[in-house]
Amino acid sequence: MYKYDQYDQAIVDARVDEFRDQVRRRLAGQITEDQFKPLRLKNGLYLQLHAYMLRVAIPYGTLNGKQMRMLGHIARKYDRGYGHFTTRQNIQYNWIKLQDAPDILADLATVEMHAIQTSGESIRNLSSDQYAGAAADEIADPRPWAELLRQATTFHPEFSYLPRKFKIAVTAADEDRAAIRLHDIGLKLVRNAAGELGFEVYIGGGMGRTPFVAPLIRPFLPAANLFSYLEAALRVWNRNGRRDNIHKQRIKILVHDLGQEEFTRQVEAEWQHILGNASDVPLVEVERIATHFAPPPFETGLSDAIDRSDPDFALWVDQNVKPHKAPGYAIVNISLKPVGGIPGDVSAEQIDVIADLAERYSFDELRATHAQNIVLPHVRKRDLYELWTALADAGLATPNLDLISDIIACPGLDYCSLANARSIPVAQKIADRFADLGRQRELGELKLKISGCINACGHHHAGHIGILGVDRKGTENYQLLLGGSGAEDASLGKITGPGFNEDGIVDAVERVTDKYLAVRQEGERFLDTYRRVGFEPFKEAIYG
Amino acid sequence: MADDFLRFRDDEPTEEPAVTLDAFLDQTNSSAVRLEAGEDVRLLLPHLHHISLIEVDFPRFRDGRGYSSAQILREAGYKGELRATGDVLVDQMDHMRRCGFDSFAPNAPIDPEVLRATLDRYAFRYQTAADAAVPVWKLRHG
């Protein structure tokens with residue numbers, strides 16, 4: 001994985017110094033809260049319902065054991081002993097004191113981490129495929145390009161105050177595990193007919209209150225021009241995006257208002273100007289970055305056999321372990337969704353355990369996923385049983401990856417000042433209702449996603465089953481959506497009808513899954529059945 | 001007129017008052033022009049050779065359109081004074097300098113000490129801009 005050099009370190013250290021000075025001036029009353037707010041947001045510090053929340057960047061979800069252990073240290077020293085992995089592969093802490101924030105950033109900088117541009121109207125931390133470098137279906141590791149963009153977009157002066165936030169995702173496989181078409185810019189690494197590397201560029205996707213699946217703006221962008229093309233798109237938006245209504249300022253609105261064709265024309269025209277600046281990062285630098293992502297020294301001649309004599313272990317292997325490109329190796333998913341737990345939450349002790357296991361079994365590498373789980377990307381199959389035993393001892397072996405209890409949920413009204421309704425208790429009640437693992441497995445892949453407000457941090461638009469919490473005359477009310485997908489077949493869920501209270505929504509989900517079991521055909525996932533039979537049979541099952 | 005420590009040029013400031021973009025385009029003998037946020041900076045490009053001062057206004061510090069305006073002017077070869085006016089705060093001035101602003105006329109006073117620390121803080125930059133900074137990718141490869 002990427003290792004800082006003197007320049008990277010100096011820039012992150014300077015940022016700690018800058019933020020320390022900004023906090024000092026704020027506490028001394030030299031900056032107003034209105035002036036300070038965007039400054040702290042650019043460093044991931046939100047003011048929530050009860051305290052400050054600090055969001056720490058995990059660039060494209062990749063980190064090592066030492067960094068993971070630091071995340072545990074921060075949870076213990078500055079928070080209440082736990083952290084929360086987010087839907088953007090980051091981690092956040094919910095009980096932070098403003099005066100501690102500079103020290104936390106200084107601690108993070110010692111392990112090459114930061115909180116730069118994890119919130120606010122900035123180019124956010126990039127997300128990517130959590131199986132990058134391990135997946136059999138990728139054409140190349142997408143992370144060198146993600147790292148290139150991390151650097152190039154860090155403190156980009158022209159885009160200091162964009163109309164709104166801006167999210168980029170990069171993948172390199174046909175199976176889209178990063179929801180690229182639901183991003184402001186989604187990039188898919190491809191080869192053209194001549195065998196050259198380039199990107200499919202999707203612009204203008206997003207969730208929130210006005211969801212869009214991003215259109216393909218450029219089918220093949222030469223890889224060497226990645227950054228200048230992004231600058232062109234960002235400039236068109238920075239100059240022409242709305243600034244009069246916070247709900248209409250994302251790039252997706254501009255793409256929609258101009259139309260795909262006109263937006264594309266403007267970006268291409270701007271790109272011709274920008275090409276003259278020579279702002280593209282040269283390939284020699286891409287190669288330097290790529291050396292950091294060279295495959296680990298995989299052993300050869302390993303057996304692919306797995307001893308499945310322990311049935312609980314076999315179940316976990318079937319559900320949470322995925323194929324690896326190297327013979328004898330596997331990708332291990334650590335579910336952070338135990339029944340009764342809070343999706344994405346981990347204790348400091350669990351963080352330490354995961355760090356140890358990554359060092360021992362996965363070439364000191366781990367990933368955070370947008371589904372709020374953790375991945376050990378490179379595990380020898382012969383180590384799986386030992387690893388599973390250690391995970392089970394730490395309460396980390398829940399075998400529910402991609403099942404109905406592997407729920408994505410935002411923090412909701414329990415923490416978030418924007419939320420209209422609680423998300424966590426609904427996730428817990430659904431997980432509880434479907435606690436029987438046999439029943440979950442019978443339902444198969446079913447992505448359930450819950451947001452506590454229209455901002456859609458819990459990705460409800462992209463859930464096979466989505467739940468949106470709203471405030472209805474002062475009480476929490478939950479709307480049900482069906483048919484969304486964040487994968488390569490991206491689609492937006494459709495609201496079924498009138499909402500439900502907290503228990504009613506759990507019943508409604510059950511009526512939907514019962515209907516699915518009744519009408520599905522051989523081999524169909526819930527989403528496949530929904531797409532085949534359509535909305536009406538489910539609506540009828542829900543409302544009678 | 002900007003305070004001395006808010007001007008980063010050696011030449012004499014122009015005495016001419018800046019006119020609006022519309023007025024400038026009507027009577028292009030003026031050499032000082034003021035651009036509001038949202039006005040199309042590219043309308044000035046045919047006239048850059050006889051402009052000595054361009055003011056770019058920031059109605060709110062969170063309105064970032066002026067950064068692109070500055071960058072576009074410098075990319076087009078504009079060498080005259082480029083002044084940021086309005087809601088310009090010390091924590092924005094480093095990036096403004098990078099985009100090519102070389103004088104500031106903020107609504108509220110700026111602390112010279114804080115400004116100096118701000119402008120000196122970052123020794124390295126990740127990307128090219130309108131300033132003289134050499135991006136780190138170039139430093140890495142000589």
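# A tour of chains A and B

Begin by selecting chain A, where buried residues (those under 20% relative accessible area, against over 50% for exposed and in between for partly exposed, with a 1.4 Å probe and protein chains only) make up 64% of the 544 residues. Before going further, note that this is a predicted model, in which local features need pLDDT of at least 70 and side-chain atom pairs count only at pLDDT 80 or more, while totals for chains, interfaces and linings use all residues. Residues are numbered from 1 along each chain as its sequence is written, chains are lettered from A and ligands numbered from 1 in the order in which they are written, and side-chain values use heavy atoms, with hydrogens and water left out.

**Chain A as a whole**

Along the principal axes, the C-alpha atoms of chain A fill a box of roughly 60 × 60 × 55 Å. Of the contacts (heavy atoms within 4.5 Å) in chain A with a separation of 6 or more, 67% are between residues 24 or more positions apart.

Zoom in on strand 19 (residues 475-482) of chain A, which is joined to strand 20 of chain A by two bridges, the two running antiparallel. Here A:L481 stands opposite A:I495 in strand 20 of chain A.

**Two loop residues**

From strand 19, step back to A:K473, in the loop between strand 18 (465-472) and strand 19 of chain A. Most residues other than glycine have a negative phi, but phi of A:K473 is near 50°, a positive value. A:K473 is exposed, with a relative accessible area of 79%.

Then select A:F363, in the loop between helix 11 (348-361) and strand 14 (366-368) of chain A, where phi is again positive, near 50°. A:F363 is partly exposed, with a relative accessible area of 32%.

**Chain B**

Finally, select chain B, which has five helices and five strands and follows the pattern β-α-β-β-α-β-α-β-α-α along the sequence. The radius of gyration of chain B is 15 Å, close to the 14 Å given by the globule rule for 142 residues, so it is as compact as a globular protein of that length. Its C-alpha trace spans about 50 × 35 × 30 Å along the principal axes of chain B. Colour chain B by burial, and 53% of its 142 residues count as buried. Among contacts in chain B between residues at least 6 apart in sequence, 49% join residues at least 24 apart.

Technical notes. Pairing = 2+ DSSP bridges. Helix = DSSP H or I, 4+ residues; strand = E, 2+ residues; numbered from the N terminus. Rg over C-alpha atoms; globule rule 2.2 N^0.38 Å.
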